[in-house]
Amino acid sequence: MGIPMSENTGTTPPNSFFRSLRYIGPGLILTAGIVGTGELIVTPHLAAEHGFTLLWLIIVGCIVKVFVQVELGRYAVATGTPTLQMMDLVPGPRFKVGWMVWFFIPVYVAMISVLGGMLGGMAQIFTMAGIPLSPQVTAIITGLTLAVLLGVGRYTMVERVCIGLVILFTLSTIFALVALQFTDFEVSSAQVIEGLQFKLPDNFAVAFAALGLIGLGAGELIYYPYWCLEKGYAKRVGPRDAGWLERVNGWMRVMRIDAFASLIVYTSATVVFYLLGAAVLHAQNLKVANSDMVPTLGNMYLESFGPAGFWIFLIGAFATLYSTAFAASAANGRLLANLLPMFGVCDATTDEETKAKRIKISCIAVTAYGIIVYLIWPKPLTLILINGVGQSLLLPFLGICALYLRYRKLPAELRPGKLWTIFLWLSALALTSAGIYQLIDRF
């Protein structure tokens, strides 16, 4: 699906919207991670606690981060710089790397630890399906299959696997919501209107924790420039010759189409998950907990499809968690491969073969770590919520980074207009508010 290009001249971008669709992909890989732990677990967990009240927050949480996402993608396409190097550009104290990268390290530990939560969720699915193996054994087997796939695959395989799995579960969830309308748990227009009235519960700590995973989490914002680079947007821009400005603007247009296409997909999926959780789980006062996380979530499908819903949910839930684990391991492996030379653990290299080998080893290491985390601490929901809190705390710094790049590092001719800049500021302020609330609430 690549475009032939010359290293010296770059590649002319597609000149129409429909031709641009051929080259989207990075955002849909993010969607595989987004339509996973956030939507399958955290969103219904939030709906079970608060009913329809926070539907508006779910929608805002999905939309508000896309402007920071595009700004980070803009700098990556224009300069070929990955996210951690962008964060390292922000001025301030430094020791080997800048202060923002140091702040990222504990969040990164939470991000790779959440793989243990995903493996735990998949282990519960195997138990529900009647497979006579312990959760620990099934978690190990599932983790090993991830390691093998990541060890042999490159970008194209990651893209295809993630998109296929996301489509499978998203469609099953939409069908579940439609089927629910013919049961006692149908969603009424009055309930939807109630959810869009900007109300907040007395204790909304879970709501702000969920902002770390609903829609684009801090992890997805960090991952996105890496996938844009691997898709080849920056390489296709080429050198700064007479046609550079036209090419970079063209490939940025493709990148924006990619980002907003994924926004539509994951916002729709998130809203559907929330409505299912509010209509079924909240109505029956069912709580999502560590010990029976997956069985409780399965009630959303049992009420929609009857006995057949059990198997529809198991297949779909496994597809979603597996795609999330796959996309997260692939992205976190790339972050680790990027971090190691920044800290002087190994030499930086421009050799593509060496970089690819380092990424594969890092992906396998991240997956092995996730298996160990689950074996030591088999608390899948807790691991996922800790990850959400960590990512929420990182969100303000990504907003600061995006604004710094916009005003101080991006070439003047590539800076966005006034309207986009206003939305970028609003996005950064929303991320900062969520992060400050987490800081106050937790400490």
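**View A. Thr138, Ala139, Thr142, Gly143, Leu146, Ala147 and Leu150 are buried in H7.** Buried means under 20% relative accessible area, exposed means over 50%, and partly exposed lies in between (1.4 Å probe, protein chains only). The model is predicted: local features need pLDDT of at least 70, side-chain atom pairs count only at pLDDT 80 or more, and totals for chains, interfaces and linings use all residues. Residues are numbered from 1 along each chain as its sequence is written, and side-chain values use heavy atoms, with hydrogens and water left out. Helices (H or I, at least four residues) and strands (E, at least two) are DSSP runs, numbered from the N terminus. The cover over the buried residues of H7 includes helix H6 (99-128), H15 and helix H16 (352-376). An α-helix has 3.6 residues a turn, so residues three or four places apart point the same way. H7 (residues 135-152) has 18 residues, which at 1.5 Å a residue should span 26 Å; its end C-alpha atoms are 26 Å apart, in agreement. The expected span is 1.5 Å times one less than the number of residues in the helix.

**View B. The whole protein has 18 helices and 2 strands.** Of its 443 residues, 58% are buried. Among contacts (heavy atoms within 4.5 Å) with a separation of 6 or more, 84% join residues 24 or more positions apart.

**View C. Helix H4 (residues 66-79) packs on helix H11 (residues 218-231).** The two axes come within 9 Å and cross at roughly 35°. Axes are lines fitted to C-alpha atoms, for helices over the stretch in contact, and angles run from 0 to 180 degrees between N-to-C directions. The crossing of H4 with H11 is right-handed; a crossing is right-handed if the near helix is turned clockwise from the far one by less than a right angle, and left-handed if anticlockwise. From H4, Val68, Gln69, Leu72, Gly73 and Ala76 meet Leu221, Tyr224, Pro225 and Leu229 of H11. The residues of this contact are 7 nonpolar, 2 polar and no charged. Here Ala, Val, Leu, Ile, Met, Phe, Trp, Tyr, Cys and Pro count as nonpolar, Asp, Glu, Lys and Arg as charged, and the others, Gly among them, as polar.

**View D. H4 also packs on H13, at an angle of about 150° and with the axes 10 Å apart.** H4 is therefore roughly antiparallel to H13. Angles over 145 degrees count as roughly antiparallel, under 35 as roughly parallel, 65 to 115 as roughly perpendicular, and the rest as oblique. H4 passes H13 in a right-handed crossing. Val66, Gln69, Val70, Gly73, Arg74, Val77 and Ala78 of H4 are in contact with residues of H13, including Trp244, Trp251, Met255, Phe260 and Tyr266. By class, the contact of H4 with H13 has 13 nonpolar, 2 polar and 2 charged residues. In H13, 28 of the 39 residues are buried. The 39 residues of H13 (residues 244-282) should span 57 Å at 1.5 Å a residue, and the end C-alpha atoms are 54 Å apart, which agrees.

**View E. Glutamine 69 sits in helix H4.** Glutamine 69 counts as buried because its relative accessibility is 0%. Apart from residues up to four places away in sequence, glutamine 69 touches Leu30, Leu216, Leu221, Tyr224, Ala259 and Tyr266.

**View F. H11 and helix H15 (residues 307-342) pack with their axes 10 Å apart, at an angle of about 85°.** This angle makes H11 roughly perpendicular to H15. H11 contributes Ile222, Tyr223, Tyr226, Trp227 and Glu230 to the contact, and H15 contributes residues including Ala327, Ala331, Arg334, Leu335 and Asn338. The contact of H11 with H15 divides into 9 nonpolar, 2 polar and 2 charged residues.

**View G. Lysine 199 lies in the loop between helix H9 (189-195) and helix H10 (205-210).** With 42% relative accessibility, lysine 199 counts as partly exposed. Lysine 199 and leucine 57 are 142 residues apart in sequence, and their C-alpha atoms are 9.0 Å apart. Neighbours within four places in sequence left aside, lysine 199 is in contact with Thr53, Leu54 and Trp56.

**View H. Lysine 96 has a positive phi, near 70°, in a residue other than glycine.** Lysine 96 is in the loop between strand E1 (94-95) and strand E2 (97-98). Its relative accessibility is 56%, so lysine 96 counts as exposed.

**View I. Asparagine 285 has a positive phi, near 55°, in a residue other than glycine.** Asparagine 285 is in the loop between H13 and helix H14 (293-305), and at 54% relative accessibility it counts as exposed.
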